[in-house]
Amino acid sequence: MNEWKMRTKSLCPQCLKVIDAEVYESNGKILIKKKCEEHGEFEDTYWSDAELYHKFANWQYEGKAGIRLTETEQGCPFDCGLCPEHKSSTMLAIIDLTNRCNQRCPTCFANAAVAGYVYEPTMKQLEEMMKLLRSEVPPCPAVQFAGGEPTIREGITDIIKMARKIGFPHVQVATNGIALAKSEQFCRDLKEAGLHTVYLQFDGVTDEPYRVLRGIPALKTKIKAIENCRRGGLHSVVLVPTLMKGVNEHQIGDIVKFAVKNLDVVRGVNVQPISFEGRIDESERKQGRITIPDFIKLLEEQTDGEIPRESFYPVPFVVPFSYFVEAWKGKPQLEFTVHPHCGAATYVFIEDGKYIPITEFVDVEGLMEFLEEGAKEIKKSRMGKLKTMAKLVTSGGKFIDREKAPKTFNKNFSSLTDILEKGNRDALAEFHRKTLFIGAMHFQDAYNFDLERVKRCGIHYATPDGRIIPFCSYNAIHRPSVEKAFSVPIAKRNAAAEE
Ligand code: SF4
Ligand code: SF4
(Lines give C-alpha, C1' and ligand atoms only; values in the text may rest on other atoms or scores of the structure.)
(Ligands and ions follow the chains in the order given, each with its own letter.)
Protein backbone atom coordinates (compact mmCIF):
# COMPACT_ATOMS: atom_id res chain seq x y z
CA MET A 1 0.00 0.00 0.00
CA ASN A 2 1.26 3.48 -0.87
CA GLU A 3 1.37 5.48 2.28
CA TRP A 4 0.89 9.26 2.35
CA LYS A 5 3.79 11.56 1.49
CA MET A 6 4.52 15.14 0.46
CA ARG A 7 7.47 17.19 -0.73
CA THR A 8 8.79 20.14 1.22
CA LYS A 9 12.04 22.04 1.79
CA SER A 10 14.30 21.66 4.80
CA LEU A 11 17.87 22.44 5.86
CA CYS A 12 21.03 20.39 5.83
CA PRO A 13 21.86 20.18 9.56
CA GLN A 14 25.55 20.58 8.76
CA CYS A 15 25.85 23.32 6.14
CA LEU A 16 22.36 24.84 6.64
CA LYS A 17 21.72 24.93 2.88
CA VAL A 18 18.08 24.59 1.83
CA ILE A 19 17.52 21.07 0.49
CA ASP A 20 14.53 19.05 -0.76
CA ALA A 21 12.85 16.88 1.81
CA GLU A 22 10.08 14.32 1.93
CA VAL A 23 7.60 14.13 4.77
CA TYR A 24 5.97 10.70 4.68
CA GLU A 25 3.93 8.16 6.61
CA SER A 26 5.46 4.93 7.79
CA ASN A 27 4.10 2.46 10.37
CA GLY A 28 1.65 4.94 11.84
CA LYS A 29 4.23 7.75 12.14
CA ILE A 30 5.20 10.76 10.06
CA LEU A 31 8.90 10.92 9.23
CA ILE A 32 11.07 13.42 7.39
CA LYS A 33 14.01 12.47 5.17
CA LYS A 34 16.37 14.55 3.09
CA LYS A 35 19.71 14.37 1.37
CA CYS A 36 22.46 16.96 1.16
CA GLU A 37 24.80 16.30 -1.81
CA GLU A 38 27.74 17.10 0.43
CA HIS A 39 26.73 15.80 3.87
CA GLY A 40 24.57 12.78 3.13
CA GLU A 41 21.12 11.60 4.22
CA PHE A 42 19.21 12.58 7.35
CA GLU A 43 16.02 11.09 8.74
CA ASP A 44 13.97 12.02 11.77
CA THR A 45 10.52 11.68 13.29
CA TYR A 46 8.32 14.61 12.25
CA TRP A 47 5.16 13.60 14.13
CA SER A 48 4.85 10.32 16.01
CA ASP A 49 1.13 9.80 15.30
CA ALA A 50 0.02 9.79 11.65
CA GLU A 51 -3.70 9.79 12.48
CA LEU A 52 -3.39 12.91 14.64
CA TYR A 53 -1.14 14.49 12.01
CA HIS A 54 -3.87 14.14 9.36
CA LYS A 55 -6.56 15.37 11.77
CA PHE A 56 -4.56 18.50 12.65
CA ALA A 57 -3.85 19.16 8.95
CA ASN A 58 -7.56 20.02 8.56
CA TRP A 59 -6.96 23.36 10.25
CA GLN A 60 -4.46 25.02 7.97
CA TYR A 61 -5.33 28.66 7.27
CA GLU A 62 -3.67 31.17 4.99
CA GLY A 63 -2.84 34.35 6.88
CA LYS A 64 -0.72 37.36 6.16
CA ALA A 65 2.09 39.23 7.87
CA GLY A 66 1.18 42.43 9.68
CA ILE A 67 4.24 44.22 8.28
CA ARG A 68 6.75 43.85 5.41
CA LEU A 69 10.33 44.83 6.19
CA THR A 70 12.53 42.94 3.70
CA GLU A 71 12.38 41.88 0.05
CA THR A 72 12.29 38.44 -1.56
CA GLU A 73 15.90 37.95 -2.61
CA GLN A 74 17.66 34.78 -1.50
CA GLY A 75 14.54 32.81 -0.63
CA CYS A 76 13.17 31.51 2.67
CA PRO A 77 14.59 31.35 5.35
CA PHE A 78 17.34 33.81 4.38
CA ASP A 79 15.09 36.81 3.63
CA CYS A 80 13.78 37.33 7.18
CA GLY A 81 12.04 39.46 7.68
CA LEU A 82 9.28 39.77 7.64
CA CYS A 83 9.51 39.27 3.87
CA PRO A 84 6.61 39.35 1.39
CA GLU A 85 6.33 35.53 1.51
CA HIS A 86 5.54 35.38 5.22
CA LYS A 87 2.06 34.15 6.10
CA SER A 88 1.37 35.11 9.73
CA SER A 89 1.37 38.20 11.86
CA THR A 90 3.29 38.42 15.14
CA MET A 91 1.15 36.81 17.85
CA LEU A 92 4.00 36.83 20.39
CA ALA A 93 7.20 38.86 20.04
CA ILE A 94 10.41 37.77 21.71
CA ILE A 95 13.11 40.23 22.63
CA ASP A 96 16.38 38.94 24.08
CA LEU A 97 17.54 41.41 26.72
CA THR A 98 20.93 39.79 27.22
CA ASN A 99 22.78 36.59 26.38
CA ARG A 100 24.31 36.53 29.84
CA CYS A 101 22.91 33.86 32.14
CA ASN A 102 23.11 32.84 35.80
CA GLN A 103 22.80 29.16 34.90
CA ARG A 104 25.00 26.92 32.69
CA CYS A 105 22.70 24.44 30.95
CA PRO A 106 24.69 21.64 29.31
CA THR A 107 22.35 21.87 26.29
CA CYS A 108 22.74 25.63 25.72
CA PHE A 109 25.17 27.07 23.18
CA ALA A 110 23.77 30.59 23.33
CA ASN A 111 24.96 32.01 26.64
CA ALA A 112 27.65 34.68 26.77
CA ALA A 113 30.23 32.50 28.54
CA VAL A 114 30.16 30.00 25.66
CA ALA A 115 29.68 32.53 22.86
CA GLY A 116 32.52 34.80 24.06
CA TYR A 117 30.55 38.02 23.55
CA VAL A 118 27.81 39.95 25.32
CA TYR A 119 24.67 40.84 23.40
CA GLU A 120 22.52 43.46 25.07
CA PRO A 121 20.41 45.82 22.95
CA THR A 122 20.48 49.39 24.25
CA MET A 123 17.37 51.08 25.72
CA LYS A 124 17.04 53.10 22.52
CA GLN A 125 17.19 49.96 20.38
CA LEU A 126 14.67 48.23 22.64
CA GLU A 127 12.31 51.17 22.29
CA GLU A 128 12.60 51.11 18.49
CA MET A 129 12.08 47.35 18.36
CA MET A 130 8.94 47.58 20.47
CA LYS A 131 7.53 50.50 18.50
CA LEU A 132 8.07 48.56 15.28
CA LEU A 133 6.12 45.59 16.68
CA ARG A 134 3.27 47.84 17.73
CA SER A 135 3.13 49.35 14.22
CA GLU A 136 2.06 46.01 12.73
CA VAL A 137 -1.54 45.70 11.54
CA PRO A 138 -3.05 44.53 13.85
CA PRO A 139 -0.48 45.61 16.46
CA CYS A 140 1.51 42.80 18.07
CA PRO A 141 -0.35 42.14 21.37
CA ALA A 142 2.30 40.48 23.49
CA VAL A 143 6.01 40.76 24.12
CA GLN A 144 8.16 38.25 25.96
CA PHE A 145 11.56 39.26 27.28
CA ALA A 146 14.02 36.42 27.04
CA GLY A 147 17.74 35.71 26.86
CA GLY A 148 20.12 34.41 28.21
CA GLU A 149 18.41 35.21 31.48
CA PRO A 150 16.43 38.45 31.16
CA THR A 151 16.06 39.01 34.90
CA ILE A 152 19.80 39.74 35.24
CA ARG A 153 19.65 42.55 32.69
CA GLU A 154 20.16 45.87 34.48
CA GLY A 155 17.03 48.01 34.27
CA ILE A 156 14.59 45.20 33.57
CA THR A 157 11.80 46.97 35.43
CA ASP A 158 12.34 50.10 33.31
CA ILE A 159 12.20 47.94 30.19
CA ILE A 160 8.89 46.43 31.32
CA LYS A 161 7.52 49.89 32.05
CA MET A 162 8.62 51.00 28.59
CA ALA A 163 6.79 48.05 27.00
CA ARG A 164 3.59 49.02 28.80
CA LYS A 165 4.00 52.68 27.86
CA ILE A 166 4.48 51.76 24.21
CA GLY A 167 1.15 49.96 24.44
CA PHE A 168 1.71 46.20 24.81
CA PRO A 169 -1.40 44.80 26.50
CA HIS A 170 0.57 41.76 27.57
CA VAL A 171 4.16 41.57 28.84
CA GLN A 172 5.94 38.33 29.76
CA VAL A 173 9.35 37.27 31.02
CA ALA A 174 10.88 33.86 30.26
CA THR A 175 13.07 32.92 33.20
CA ASN A 176 14.86 30.12 35.01
CA GLY A 177 13.44 31.61 38.24
CA ILE A 178 16.75 32.02 40.12
CA ALA A 179 16.40 35.79 40.60
CA LEU A 180 12.71 35.41 41.52
CA ALA A 181 13.56 32.74 44.10
CA LYS A 182 16.11 35.07 45.68
CA SER A 183 13.79 37.99 46.27
CA GLU A 184 10.10 38.47 46.93
CA GLN A 185 10.67 42.21 46.54
CA PHE A 186 12.03 41.67 43.02
CA CYS A 187 8.78 39.84 42.12
CA ARG A 188 6.79 42.75 43.54
CA ASP A 189 8.92 45.22 41.54
CA LEU A 190 8.28 43.28 38.33
CA LYS A 191 4.56 43.25 39.07
CA GLU A 192 4.52 46.98 39.81
CA ALA A 193 6.43 47.68 36.61
CA GLY A 194 3.55 46.06 34.70
CA LEU A 195 4.64 42.46 34.12
CA HIS A 196 1.73 40.09 33.46
CA THR A 197 3.16 36.62 33.07
CA VAL A 198 6.20 34.68 34.20
CA TYR A 199 7.22 31.91 31.80
CA LEU A 200 9.04 29.71 34.28
CA GLN A 201 11.41 27.01 33.07
CA PHE A 202 10.06 23.98 34.98
CA ASP A 203 11.32 20.59 33.83
CA GLY A 204 9.89 18.31 36.50
CA VAL A 205 8.80 17.66 40.05
CA THR A 206 12.06 16.01 41.17
CA ASP A 207 15.67 17.15 40.85
CA GLU A 208 16.66 14.54 38.25
CA PRO A 209 15.44 16.28 35.07
CA TYR A 210 17.16 19.50 36.17
CA ARG A 211 20.46 17.67 36.71
CA VAL A 212 20.35 16.39 33.13
CA LEU A 213 18.95 19.45 31.37
CA ARG A 214 20.34 22.27 33.53
CA GLY A 215 23.34 20.74 35.25
CA ILE A 216 22.01 21.51 38.77
CA PRO A 217 19.27 20.26 41.13
CA ALA A 218 16.82 23.15 40.76
CA LEU A 219 13.46 22.01 42.14
CA LYS A 220 13.74 23.99 45.39
CA THR A 221 14.56 27.14 43.40
CA LYS A 222 11.44 26.66 41.26
CA ILE A 223 9.21 26.17 44.30
CA LYS A 224 10.68 29.23 45.99
CA ALA A 225 10.27 31.30 42.81
CA ILE A 226 6.56 30.35 42.65
CA GLU A 227 6.13 31.18 46.34
CA ASN A 228 7.75 34.59 45.84
CA CYS A 229 5.53 35.27 42.81
CA ARG A 230 2.51 34.44 44.97
CA ARG A 231 3.60 36.81 47.75
CA GLY A 232 4.77 39.47 45.35
CA GLY A 233 1.42 39.57 43.53
CA LEU A 234 2.61 37.98 40.27
CA HIS A 235 -0.35 35.66 39.82
CA SER A 236 0.19 34.45 36.30
CA VAL A 237 2.91 31.84 36.06
CA VAL A 238 3.18 29.41 33.16
CA LEU A 239 5.27 26.31 33.77
CA VAL A 240 7.50 25.57 30.78
CA PRO A 241 8.98 22.07 30.77
CA THR A 242 11.54 21.11 28.14
CA LEU A 243 10.59 17.53 27.40
CA MET A 244 13.20 14.93 26.53
CA LYS A 245 12.71 11.19 26.18
CA GLY A 246 14.43 9.25 28.92
CA VAL A 247 14.63 12.36 31.13
CA ASN A 248 11.20 13.62 32.17
CA GLU A 249 8.50 12.16 29.94
CA HIS A 250 7.24 10.11 32.91
CA GLN A 251 6.60 13.32 34.90
CA ILE A 252 4.06 15.03 32.61
CA GLY A 253 1.05 14.00 34.71
CA ASP A 254 2.83 15.09 37.89
CA ILE A 255 3.77 18.47 36.40
CA VAL A 256 0.08 19.06 35.59
CA LYS A 257 -0.85 17.96 39.13
CA PHE A 258 1.72 20.41 40.52
CA ALA A 259 0.20 23.18 38.39
CA VAL A 260 -3.28 22.39 39.73
CA LYS A 261 -2.02 22.48 43.32
CA ASN A 262 -0.79 26.00 42.58
CA LEU A 263 -3.75 27.12 40.50
CA ASP A 264 -3.96 30.38 42.44
CA VAL A 265 -0.84 31.51 40.58
CA VAL A 266 -0.16 28.95 37.85
CA ARG A 267 -2.20 29.64 34.70
CA GLY A 268 -0.80 27.02 32.41
CA VAL A 269 1.69 24.38 31.41
CA ASN A 270 3.39 24.97 28.08
CA VAL A 271 5.52 22.02 27.07
CA GLN A 272 8.45 22.33 24.68
CA PRO A 273 9.63 19.03 23.20
CA ILE A 274 13.40 19.31 22.99
CA SER A 275 15.06 20.73 19.87
CA PHE A 276 18.61 19.72 19.15
CA GLU A 277 21.09 22.51 18.60
CA GLY A 278 24.41 22.06 16.82
CA ARG A 279 25.88 18.72 15.83
CA ILE A 280 24.55 15.82 17.82
CA ASP A 281 25.19 12.13 17.66
CA GLU A 282 22.44 10.42 15.63
CA SER A 283 21.64 7.75 18.23
CA GLU A 284 21.49 10.36 21.00
CA ARG A 285 19.11 12.47 18.89
CA LYS A 286 16.85 9.52 18.05
CA GLN A 287 16.79 8.42 21.68
CA GLY A 288 15.88 11.86 23.01
CA ARG A 289 13.48 12.95 20.24
CA ILE A 290 9.92 13.43 21.40
CA THR A 291 7.15 15.09 19.40
CA ILE A 292 3.79 16.70 20.19
CA PRO A 293 1.70 13.50 19.76
CA ASP A 294 4.02 11.66 22.20
CA PHE A 295 3.34 14.36 24.78
CA ILE A 296 -0.43 14.18 24.19
CA LYS A 297 -0.46 10.38 24.53
CA LEU A 298 1.68 10.44 27.68
CA LEU A 299 -0.58 13.05 29.25
CA GLU A 300 -3.62 10.86 28.52
CA GLU A 301 -1.92 7.85 30.13
CA GLN A 302 -0.62 9.78 33.13
CA THR A 303 -4.02 11.36 33.90
CA ASP A 304 -5.83 7.98 33.66
CA GLY A 305 -7.59 9.11 30.49
CA GLU A 306 -9.06 12.26 32.07
CA ILE A 307 -7.27 14.47 29.54
CA PRO A 308 -7.63 12.39 26.39
CA ARG A 309 -5.93 12.84 23.04
CA GLU A 310 -9.19 14.22 21.61
CA SER A 311 -9.02 17.27 23.90
CA PHE A 312 -6.18 18.75 21.88
CA TYR A 313 -6.44 20.95 18.81
CA PRO A 314 -3.82 22.78 16.77
CA VAL A 315 -3.10 26.48 17.36
CA PRO A 316 -4.93 27.69 14.18
CA PHE A 317 -8.11 25.91 15.27
CA VAL A 318 -9.30 29.22 16.79
CA VAL A 319 -8.88 31.23 13.55
CA PRO A 320 -12.69 31.29 12.89
CA PHE A 321 -13.11 33.08 16.21
CA SER A 322 -10.88 35.92 14.88
CA TYR A 323 -12.80 35.95 11.57
CA PHE A 324 -16.01 36.32 13.51
CA VAL A 325 -14.83 39.13 15.81
CA GLU A 326 -13.28 40.94 12.83
CA ALA A 327 -16.53 40.77 10.86
CA TRP A 328 -18.56 41.76 13.93
CA LYS A 329 -16.39 44.73 14.97
CA GLY A 330 -15.13 45.67 11.49
CA LYS A 331 -11.58 45.92 12.87
CA PRO A 332 -8.57 43.73 11.91
CA GLN A 333 -8.04 40.98 14.46
CA LEU A 334 -4.97 38.88 15.05
CA GLU A 335 -5.32 35.49 13.34
CA PHE A 336 -3.38 32.56 14.82
CA THR A 337 -2.51 31.16 11.39
CA VAL A 338 0.66 29.31 12.43
CA HIS A 339 1.23 25.89 10.90
CA PRO A 340 -1.10 23.23 12.38
CA HIS A 341 1.83 20.97 13.32
CA CYS A 342 3.71 23.61 15.31
CA GLY A 343 1.60 23.51 18.42
CA ALA A 344 -1.38 21.98 20.23
CA ALA A 345 -3.47 23.15 23.16
CA THR A 346 -6.49 22.59 25.34
CA TYR A 347 -8.21 24.13 28.36
CA VAL A 348 -8.99 21.99 31.37
CA PHE A 349 -11.38 22.78 34.22
CA ILE A 350 -10.65 21.32 37.62
CA GLU A 351 -13.63 20.33 39.70
CA ASP A 352 -13.98 17.93 42.66
CA GLY A 353 -10.44 16.71 42.04
CA LYS A 354 -11.17 15.80 38.41
CA TYR A 355 -9.93 17.22 35.14
CA ILE A 356 -12.70 18.32 32.74
CA PRO A 357 -11.28 19.35 29.35
CA ILE A 358 -13.40 21.96 27.60
CA THR A 359 -13.96 19.48 24.75
CA GLU A 360 -15.94 17.25 27.15
CA PHE A 361 -18.85 19.69 27.23
CA VAL A 362 -18.39 22.09 24.29
CA ASP A 363 -18.77 20.93 20.69
CA VAL A 364 -15.74 22.99 19.74
CA GLU A 365 -15.64 21.89 16.10
CA GLY A 366 -19.33 22.69 15.61
CA LEU A 367 -18.84 26.04 17.30
CA MET A 368 -15.89 27.05 15.10
CA GLU A 369 -17.82 26.06 11.93
CA PHE A 370 -20.74 28.15 13.16
CA LEU A 371 -18.46 31.17 13.77
CA GLU A 372 -16.83 30.80 10.35
CA GLU A 373 -20.24 30.72 8.66
CA GLY A 374 -21.39 33.66 10.81
CA ALA A 375 -18.38 35.73 9.73
CA LYS A 376 -19.20 35.06 6.04
CA GLU A 377 -22.85 35.93 6.59
CA ILE A 378 -22.00 39.25 8.30
CA LYS A 379 -19.68 40.25 5.46
CA LYS A 380 -22.18 39.19 2.77
CA SER A 381 -25.10 41.50 3.47
CA ARG A 382 -26.25 44.43 5.56
CA MET A 383 -28.73 42.19 7.34
CA GLY A 384 -26.04 39.59 8.02
CA LYS A 385 -25.20 40.88 11.48
CA LEU A 386 -28.83 40.77 12.63
CA LYS A 387 -29.37 37.32 11.14
CA THR A 388 -26.23 36.00 12.81
CA MET A 389 -27.22 37.52 16.14
CA ALA A 390 -30.63 35.83 15.90
CA LYS A 391 -28.99 32.48 15.09
CA LEU A 392 -26.63 32.89 18.02
CA VAL A 393 -29.52 33.41 20.42
CA THR A 394 -31.71 30.61 19.04
CA SER A 395 -29.15 27.90 18.36
CA GLY A 396 -25.91 28.95 20.10
CA GLY A 397 -26.84 26.87 23.15
CA LYS A 398 -26.66 23.59 21.26
CA PHE A 399 -22.85 23.66 21.31
CA ILE A 400 -22.74 23.44 25.11
CA ASP A 401 -23.75 20.38 27.11
CA ARG A 402 -24.80 22.00 30.41
CA GLU A 403 -25.16 18.64 32.17
CA LYS A 404 -21.52 17.82 31.56
CA ALA A 405 -20.22 21.36 32.06
CA PRO A 406 -18.40 22.20 35.29
CA LYS A 407 -20.36 24.29 37.81
CA THR A 408 -17.85 27.15 37.51
CA PHE A 409 -18.55 27.34 33.78
CA ASN A 410 -22.34 27.31 34.15
CA LYS A 411 -22.13 29.96 36.85
CA ASN A 412 -19.99 32.32 34.75
CA PHE A 413 -21.49 31.91 31.31
CA SER A 414 -25.24 31.86 30.84
CA SER A 415 -25.22 31.65 27.02
CA LEU A 416 -22.98 31.56 23.99
CA THR A 417 -23.54 35.28 23.38
CA ASP A 418 -22.46 35.82 26.97
CA ILE A 419 -19.17 34.02 26.21
CA LEU A 420 -18.62 35.98 23.00
CA GLU A 421 -19.49 39.29 24.62
CA LYS A 422 -17.18 38.57 27.53
CA GLY A 423 -14.47 37.62 25.05
CA ASN A 424 -12.34 40.56 26.07
CA ARG A 425 -9.18 40.34 28.12
CA ASP A 426 -10.77 40.87 31.56
CA ALA A 427 -13.38 38.18 31.09
CA LEU A 428 -10.76 35.84 29.67
CA ALA A 429 -8.66 36.48 32.76
CA GLU A 430 -11.65 35.46 34.88
CA PHE A 431 -12.06 32.32 32.73
CA HIS A 432 -8.36 31.55 33.09
CA ARG A 433 -8.62 31.60 36.88
CA LYS A 434 -10.93 28.58 36.72
CA THR A 435 -8.97 26.67 34.12
CA LEU A 436 -5.55 25.41 33.30
CA PHE A 437 -4.15 26.00 29.85
CA ILE A 438 -2.15 23.03 28.62
CA GLY A 439 -0.19 23.52 25.44
CA ALA A 440 2.84 22.33 23.53
CA MET A 441 4.97 23.96 20.89
CA HIS A 442 7.69 22.03 19.16
CA PHE A 443 10.37 24.49 18.09
CA GLN A 444 12.16 23.21 15.04
CA ASP A 445 15.80 22.24 14.75
CA ALA A 446 17.81 21.74 11.60
CA TYR A 447 16.93 18.00 11.58
CA ASN A 448 13.14 18.35 11.41
CA PHE A 449 13.03 21.85 9.88
CA ASP A 450 10.16 22.42 7.43
CA LEU A 451 10.01 25.69 5.50
CA GLU A 452 6.23 25.35 5.28
CA ARG A 453 6.10 25.66 9.07
CA VAL A 454 8.49 28.56 9.41
CA LYS A 455 6.72 30.59 6.70
CA ARG A 456 3.62 30.49 8.89
CA CYS A 457 5.41 31.22 12.16
CA GLY A 458 3.68 33.63 14.56
CA ILE A 459 6.38 33.82 17.26
CA HIS A 460 8.86 36.43 16.11
CA TYR A 461 12.10 37.91 17.39
CA ALA A 462 12.59 41.64 17.08
CA THR A 463 16.23 42.51 16.37
CA PRO A 464 18.22 45.78 16.70
CA ASP A 465 18.71 45.98 12.92
CA GLY A 466 15.00 46.72 12.48
CA ARG A 467 13.93 43.24 11.42
CA ILE A 468 11.27 40.87 12.74
CA ILE A 469 12.47 37.29 12.39
CA PRO A 470 10.40 34.11 12.88
CA PHE A 471 11.59 32.21 15.95
CA CYS A 472 12.69 28.95 14.32
CA SER A 473 14.44 30.77 11.51
CA TYR A 474 16.23 33.04 14.00
CA ASN A 475 17.52 30.12 16.05
CA ALA A 476 18.51 27.94 13.09
CA ILE A 477 20.01 30.65 10.85
CA HIS A 478 20.12 34.28 11.93
CA ARG A 479 21.03 34.42 15.64
CA PRO A 480 24.84 34.34 15.34
CA SER A 481 25.05 37.13 12.74
CA VAL A 482 22.56 39.40 14.56
CA GLU A 483 24.25 38.89 17.93
CA LYS A 484 27.76 39.39 16.55
CA ALA A 485 26.75 42.61 14.82
CA PHE A 486 25.36 44.07 18.05
CA SER A 487 27.63 42.70 20.76
CA VAL A 488 30.92 43.39 22.52
CA PRO A 489 33.62 40.81 23.37
CA ILE A 490 33.06 39.45 26.87
CA ALA A 491 36.57 40.47 28.05
CA LYS A 492 36.01 44.08 26.93
CA ARG A 493 32.68 44.25 28.73
CA ASN A 494 34.15 42.82 31.94
CA ALA A 495 36.98 45.35 31.80
CA ALA A 496 34.48 48.20 31.30
CA ALA A 497 32.43 46.96 34.27
CA GLU A 498 35.53 46.96 36.51
CA GLU A 499 36.56 50.53 35.61
S1 SF4 B 1 10.59 32.68 7.46
FE2 SF4 B 1 9.06 34.13 6.74
S3 SF4 B 1 10.06 36.11 6.80
FE4 SF4 B 1 11.66 34.56 6.89
S5 SF4 B 1 12.27 34.29 4.75
FE6 SF4 B 1 10.73 32.72 5.24
S7 SF4 B 1 8.78 33.63 4.60
FE8 SF4 B 1 10.28 35.30 4.73
S1 SF4 C 1 8.27 29.21 16.69
FE2 SF4 C 1 8.70 27.46 15.35
S3 SF4 C 1 7.30 25.93 16.14
FE4 SF4 C 1 6.52 27.90 16.87
S5 SF4 C 1 5.08 28.67 15.33
FE6 SF4 C 1 7.10 29.44 14.78
S7 SF4 C 1 7.89 27.94 13.30
FE8 SF4 C 1 6.27 26.98 14.42
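Two residues are taken to be in contact if their C-beta atoms, placed from the backbone, lie within 7 Å. The model is predicted: local features need pLDDT of at least 70, side-chain atom pairs count only at pLDDT 80 or more, and totals for chains, interfaces and linings use all residues. Residues are numbered from 1 along each chain as its sequence is written, while chains are lettered from A and ligands numbered from 1 in the order in which they are written.

**View 1. Packing of helix α6 against helix α8.** Helix α6 covers residues 184–193 and helix α8 covers residues 219–232; helices (H or I, at least four residues) and strands (E, at least two) are DSSP runs, numbered from the N terminus. The two helices pack at an angle of about 55°, and their axes are 8 Å apart. Axes are lines fitted to C-alpha atoms, for helices over the stretch in contact, and angles run from 0 to 180 degrees between N-to-C directions. α6 and α8 are therefore oblique to each other (angles under 35 degrees count as roughly parallel, over 145 as roughly antiparallel, 65 to 115 as roughly perpendicular and the rest as oblique). On the α6 side, Glu184, Cys187, Arg188 and Lys191 meet Asn228, Cys229, Arg231 and Gly232 of α8. This contact has two nonpolar, two polar and four charged residues; Ala, Val, Leu, Ile, Met, Phe, Trp, Tyr, Cys and Pro count as nonpolar, Asp, Glu, Lys and Arg as charged, and the others, Gly among them, as polar.

View 2. A residue is near a molecule or strand if its C-beta atom, placed from the backbone, lies within 6 Å of it.

**View 3. Surroundings of ligand 2.** Ligand 2 is surrounded by 15 residues, and the closest are Cys342, Cys457, Ile459, Phe471 and Cys472. Helices α18 (451–454) and α19 (471–485) each supply at least two residues of this shell. By class, the shell around ligand 2 has ten nonpolar residues, four polar and one charged.

View 4. The domain assignment gives domain 1 (5–56), domain 2 (65–348 + 436–490) and domain 3 (359–430), with bounds from an automatic or database domain assignment. The C-alpha centres of domain 1 and domain 2 lie 24 Å apart. Each of these two domains gives 19 residues to the contact. On the domain 1 side, β1 (5–11), β2 (18–26), β4 (40–47) and α1 (50–57) give two or more residues. β4 gives the most, with five residues.
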